[in-house]
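Here are a few exercises to work through with the sequence and the 3D view side by side. Try each task yourself before you read its solution.

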Amino acid sequence: MLTFGYSGLPLIVFPTSGGRYYEAKDRGLINSVADFINNGSLMIFCPDSVNNESWYNYTAHPSERVKRHIEYEKAILSEVIEYALHETNFNKVNVCGCSFGGYHAANLAFKYPDKISGLFTMGGAFDIKRFIYGYYDDNCYFNNPPDYLPNLFDDWYLRRIKKIKIILGTGDADFCLPENLRLSEILKSKKINHQLDVRTFTGHDWQWWKQMFRDYLIKFLE
């Protein structure tokens with residue numbers, strides 16, 4: 001994991017499908033908000049990914065892939081989030097990610113809303129069914145937001161999710177646009193306030209995500 005900053009709003013940035021812990025730095029996301037980091041308003045935590053051992057490990061049975069994801073999730077909860085809270089003295093963290101990093105951020109926020117105060121995604125992909133080739137068990141269901149959110153009626157979860165500040169960023173030329181529209185409709189059906197930001201002349205790549213990253217963080221720091 002890489003960390004940037006020394007105080008302020010704690011933000012966990014998840015890597016994309018094949019990305020690593022240094023991706024946000026190498027792709028310019030960190031530099032785009034260097035002023036907030038340097039003035040103590042923002043502290044960023046960039047954990048590594050195990051996507052190649054979980055969802056993208058096509059040599060393993062889908063049931064084993066999702067179990068590896070759950071192990072990763074437990075490490076994020078017990079290690080990364082707890083460390084971020086300790087370092088910043090906040091009682092909740094914010095999460096974000098581009099593309100499949102958006103999946104990790106969203107899934108974590110919806111499953112553990114008592115630990116998350118803000119969520120934003122850029123070109124987010126949220127449905128894991130394409131990885132499991134028709135296999136389905138409870139672990140798959142409870143890690144696929146488009147499936148479990150429509151059936152979520154538990155007041156404990158809904159009250160807390162409704163307190164999360166949520167922005168779904170995408171573009172009119174982004175191949176993940178349909179997934180963002182679908183998730184937005186699900187959130188609307190649950191009366192969960194959020195912003196769906198569909199940008200014109202915008203596709204699925206870093207030059208657009210870098211601008212979204214700064215724009216959304218400004219809103220979170222207001």
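**Exercise 1. Strand β6 and its partners**

How many bridges join strand β5 to β6, and do they run parallel or antiparallel?

Before the steps, some housekeeping. This is a predicted model, so local features need pLDDT of at least 70 and side-chain atom pairs count only at pLDDT 80 or more, while totals for chains, interfaces and linings use all residues. Residues are numbered from 1 along each chain as its sequence is written, and side-chain values use heavy atoms, with hydrogens and water left out.

Step 1. Find the strands: helices (H or I, at least four residues) and strands (E, at least two) are DSSP runs, numbered from the N terminus. That puts β5 at residues 116-122 and β6 at residues 165-171.

Step 2. Count bridges, remembering that two strands pair if DSSP finds at least two bridges between them. Five bridges join β5 to β6, and the two run parallel. To see one of them, look at G118, whose partner in β6 is K165.

Step 3. Move on to β7, which is joined to β6 by five bridges, again in parallel. Here G169 has D197 of β7 as its bridge partner.

Step 4. Check the cover. Six of the seven residues of β6 are buried, where buried means under 20% relative accessible area, exposed over 50%, and partly exposed in between (1.4 Å probe, protein chains only).

**Exercise 2. Strand β2**

Step 1. All six residues of β2 (9-14) are buried, so the strand is largely enclosed by the rest of the structure.

Step 2. Sort the side chains by direction: L9, L11 and V13 point one way, while P10, I12 and F14 point the other.

Step 3. Look for partners. β2 pairs with β3 (residues 42-46) in the parallel sense over four bridges, and L11 stands opposite I44 there. With β4 (residues 93-98), β2 also pairs in parallel over four bridges, and F14 faces G97.

**Exercise 3. The nonpolar cores**

Locate the largest nonpolar core and follow F110 through its contacts.

Step 1. The largest one has 35 residues, and I81, V95, F110 and L119 touch the most other members.

Step 2. Ask who supplies it. Helix α4 (residues 62-88) gives the most, with seven residues.

Step 3. Now list contacts (heavy atoms within 4.5 Å). Leaving aside neighbours within four places in sequence, F110 is in contact with residues including L119, P145, Y148, L149 and L187.

Step 4. Follow one of these, L187, to helix α10. L187 is buried at 0% relative accessible area. L187 and L149 are 38 residues apart in sequence, yet 8.0 Å apart in space, C-alpha to C-alpha.

**Exercise 4. The largest pocket**

Step 1. Know what counts. On a 1 Å grid over the protein atoms alone, a pocket is an open set of points where a 1.4 Å probe fits, with protein on both sides within 12 Å along at least five of seven lines; lining residues have an atom within 4 Å of a point.

Step 2. The largest pocket holds about 180 Å³ of space.

Step 3. Its lining is F110, K111, Y141, F142, Y148, N151, L152 and Y157. By class, that is six nonpolar, one polar and one charged.

How values were computed:
Core = buried A, V, L, I, M, F, W, Y, C linked by side-chain atoms within 4.5 Å. Points joined across faces, edges and corners; volume = space filled by probe spheres on them. Nonpolar A, V, L, I, M, F, W, Y, C, P; charged D, E, K, R; others polar.
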